[in-house]
Amino acid sequence: MDYIPATEKDIKEMLNIVGVTSINDLVRDFIPAFTGKMNLPQPKSELELVRHMRGLAHTNKILRCFVGAGAYNHYIPSAVSHLLARGDLFTGYTPYQAEISQGTLQAIYEFQSFICLLTGMDVANASLYEGASALAEAALLSCSYTGRDRIFVKERLHPQYLEVLQTYCEGAELTLTDRIDNDTACVIAQNPDFYGNVENLHYLAEQAHRVGALFTTCIVEPTSLAILEPPGKYGADIVAGEAQSFGIPLSFGGPYLGFIAVKDFLLKKLPGRICGMTTDSRGNRGFVLTFQAREQHIRRERATSNITTNQALMALAATIYLALMGRSGLTTVAKLSYARAHLLNRKLEKAGFRNLNSKPFYNEFVVKAPRSAEELASRLLKKGIVGGVNLGEDNFLICCTEMNSIQDIDDFVSAVAGD
Amino acid sequence: MKIIFEYEEEKNTGHLQKEEEEDVCIELPDDISRKELLPIPNVNEVDVVRHYTNLSRMNFGVDIGFYPLGSCTMKYNPKVNEDAARAEGFSNLHPLSPEVCTQGSLKLMWELKEYLKDITGMDDFTLQPSAGAQGELLGVMMAKAYFRHKGEKRTKAIIPDSAHGTNPATASMCKLETITIPSDPRGNIDIRRYRESLGPEVALVMLTNPNTLGLFDENTIEISDLAHKNGILMYCDGANMNALLGITRPGDQGFDMIHLNLHKTFSTPHGGGGPGAGVLGVKSFLSEYLPVPQVVKRDSGYSLDYDCKKSVGRVRSFYGNFGMHVRAYSYIHSWGTKIRKVSEHAILNANYLQALLKDTFDLAYDRRCAHEFVLSSRRFGEKSALNIAKRLMDYGFHPPTIYFPLIVPEALMIEPTETESKETLDRFVLALKKITSELKEDPEMVKQSPLSTPVGRLDEVAAARRPNLRWRPSQRTNQSGSE
């Protein structure tokens, strides 16, 4: 397939204007010239391509999913993908030219608003890559604000998030610490944590603030915010995390949607794009990218972050999702996710599993299995179920959402119960 | 246009069964339960669909018209790639599914890496970084880890003044000091100044090639050789790879690392500002520093390998922006062995436009260009680049990148890409020429432009001075509906 419209006649005329006889004349200075043969596939027609890609997709197996751990299988209303596919939104880029980018800009403003309303924070940016690197950006922000270089992480942070934090700290020459003291830049806690435990983290915020550190709450399953106290209410200075749950498909791990929201006093330290409301030359309401003096294209080595491209389309998906679901829909998602997880937990307890959660949980929980994890996983697989994350020592991290029907739950239990 | 929070409270469409149908009893302690009503509105689906459809009509994308935004490679995004990424087998696959379920995805990722290795002349790739800037960040982290293992302390990065802002921003995130090298009169890096800046404290040279002026650095090989003689790593910002496919390979030019922006060269859609994908390629001696996990091919099938002791770790959760990998992979399959044609036509289109426009404006560097070129509108006075950009909207074009690179006054950076027809390019030239006469005949009108867009020029000063960055419930004038 070929997406080049130029005809032979066009090419000849264009070469003539440029003053060369062949396209090769234009690339003579590009050295060393590549003369080898690339090991690329044969060009495909659209029909061949469709067959090839379909074949690959069919090689994957989509089973009934009881896995969360940073990627959640929620229902996505049909209208989300239909609206998202509109080329005017889909094929634009960063809205540098506001007059012809009001669609993207207003959607970003709405996204920032949704994030603030859900988290109880003052201001949010236009999105970051995904949850783990968003949390790392929160740590960098804290260090830059406090002038300190130590980061405290509460136990049971998503292990991949911790790994990313370690990588960023290594690069930026920061240290993870196990003490909260006068050198601590920020205190980080995930809520609900990796095991699904929920708690009021007010005490941790106070501990952080007592020593002049910032308190960051990491949110990985944001549908929980529909029924849980927002972090802004228990003292968070920064909320960072993942919003894939809001209308974004699992897609084998990406693209997802990182977000960061802060209290007002940290606004000028925020990384990435921020959209603001203003007026145009005719007095109408409009939207622009603002506070760009923080960013790399203006400030270069003194920027708050190097982030440029973010996840605008995913932010749009989340915005449309939240608008479609509304207060009632989102609350239903949260209640059903909670209820299904608790139902499965009760049934598993009856079947001899032991719940290991130390606190109330939302839609994820950890159980110790009465027999080997490998055996259970393979029994579930035979029933077409991916039954959770094996944490070792026969402990399973299990997740439910509104997508797990009561029938699925019964199948799960019957697969693992008995001998 | 209303914002979504200004709709009257409506009956929610109800995409899920009501929780009343089940005995849902939430038993959460009071201190962790939400006390206030969730402050997001209930709007009916019809209004939501109209709202975002109308917003989309206030936007400009490649599907609407010519989008010569320099440095961003706004080429056509083939629709068939969208279907591929949306296939259920890809889009509904949980990243922690067992490997028996994920062979299709892993195969795709492994093959994509193989193709990219071949295209760039690199020995290994990671698909993990989410965007070019994250690819750069990873590259600089790997360079630091490499020198740490060698027992060398290197604290500086050499970056030309024409570079994207991300390069110095990334270096400084990793606590490297930037040495800025000016460009010479031909738009190359000033080789004398470059030579003087080399030394044992320099960790890497970050070069965009062709650079942001759209020029292939004529001293590339010498630059690489000099760096390597001083033990310095060569990093290529591959943002402009659209000029090089099948023509020359960064790996053969002496680069040790390169990030590619899949959303530029490999046609994955820009999405209004992302998602991108900033995959990173390296020479074999840097392979062991790549992030985990890596996709590997074994006799038993494809697998994720976490075993790499020198790895710098992860830069994000899971394996990267997989949906973008699918699109790029599909794109490469459509071109296959003929991929060189992409760059040939990108370069032809750019040179054609440059030839037609170089007398109307000042050409920043009078050489044949690669896939883009930079004009200066300085002969039309201050702010002329801005005014020309705004007026172009009235002619139905997205403006070029303006005021970048910073070293060219009143810069207009034009990248047509290979997917534009001669007819489109000719119309663009006519519009620009018409605007330059308007600048002479009716400059006030041009300063007022755009005149045909949904909003006029926006007050950016007011936006920063009185920030309104989110909707607040107190902004609602017609409070109605409650639960």
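The model is predicted. Chain B has 14 helices and 13 strands. Its radius of gyration is 25 Å, close to the 23 Å that the globule rule gives for 483 residues, so chain B is as compact as a globular protein of that length.

**Chain B overall**

- The C-alpha trace of chain B spans about 75 × 70 × 45 Å along its principal axes.
- Buried residues make up 59% of the 483 residues of chain B.
- Take the contacts in chain B between residues at least 6 apart in sequence: 72% of them join residues at least 24 apart.

**Where chain B meets chain A**

- The contact draws 171 residues from chain B and 161 residues from chain A.
- On the chain B side, helix 10 (residues 340-357) gives the largest share, with nine residues.
- By class, the side of chain B that touches chain A holds 83 nonpolar, 56 polar and 32 charged residues.

**Helix 10 and helix 12 of chain B**

- Two packed helices are described by the angle between their axes and the distance between the axes.
- The axes of helix 10 of chain B and helix 12 (residues 422-441) of chain B come within 10 Å. They cross at roughly 30°.
- Angles under 35 degrees count as roughly parallel, so helix 10 of chain B is roughly parallel to helix 12 of chain B.
- The crossing of these two helices of chain B is right-handed.
- Helix 10 of chain B brings N349(B), Y352(B), L353(B), L356(B) and L357(B) to the contact. They meet L425(B), V429(B) and L432(B) in helix 12 of chain B.
- The residues of this helix contact divide into seven nonpolar, one polar and no charged.

**G272(B), a loop residue**

- G272(B) sits in the loop between strand 6 (257-260) and strand 7 (280-282) of chain B.
- A residue is buried if 20 or more other C-beta atoms lie within 10 Å of its own. G272(B) has 29 other C-beta atoms within 10 Å, so G272(B) is buried.
- G272(B) and G61(B) are 211 residues apart along the chain. Their C-alpha atoms are separated by 8.2 Å.
- Leaving aside neighbours within four places in sequence, G272(B) is in contact with residues of chain A. They are L89(A), G92(A), Y93(A), P95(A), T104(A), A312(A), L313(A) and L316(A).

How values were computed. Residues are numbered from 1 along each chain as its sequence is written. Chains are lettered from A and ligands numbered from 1 in the order in which they are written. This is a predicted model: local features need pLDDT of at least 70, side-chain atom pairs count only at pLDDT 80 or more; totals for chains, interfaces and linings use all residues. Helices (H or I, at least four residues) and strands (E, at least two) are DSSP runs, numbered from the N terminus. The radius of gyration is taken over C-alpha atoms; the globule rule is 2.2 Å times the number of residues to the power 0.38. A residue is buried if 20 or more other C-beta atoms lie within 10 Å of its own, exposed if 12 or fewer, and partly exposed in between; C-beta atoms are placed from the backbone. Two residues are in contact if their C-beta atoms, placed from the backbone, lie within 7 Å. Ala, Val, Leu, Ile, Met, Phe, Trp, Tyr, Cys and Pro count as nonpolar, Asp, Glu, Lys and Arg as charged, and the others, Gly among them, as polar. Axes are lines fitted to C-alpha atoms, for helices over the stretch in contact, and angles run from 0 to 180 degrees between N-to-C directions. Angles under 35 degrees count as roughly parallel, over 145 as roughly antiparallel, 65 to 115 as roughly perpendicular and the rest as oblique. A crossing is left-handed if the near helix is turned anticlockwise from the far one by less than a right angle, and right-handed if clockwise.
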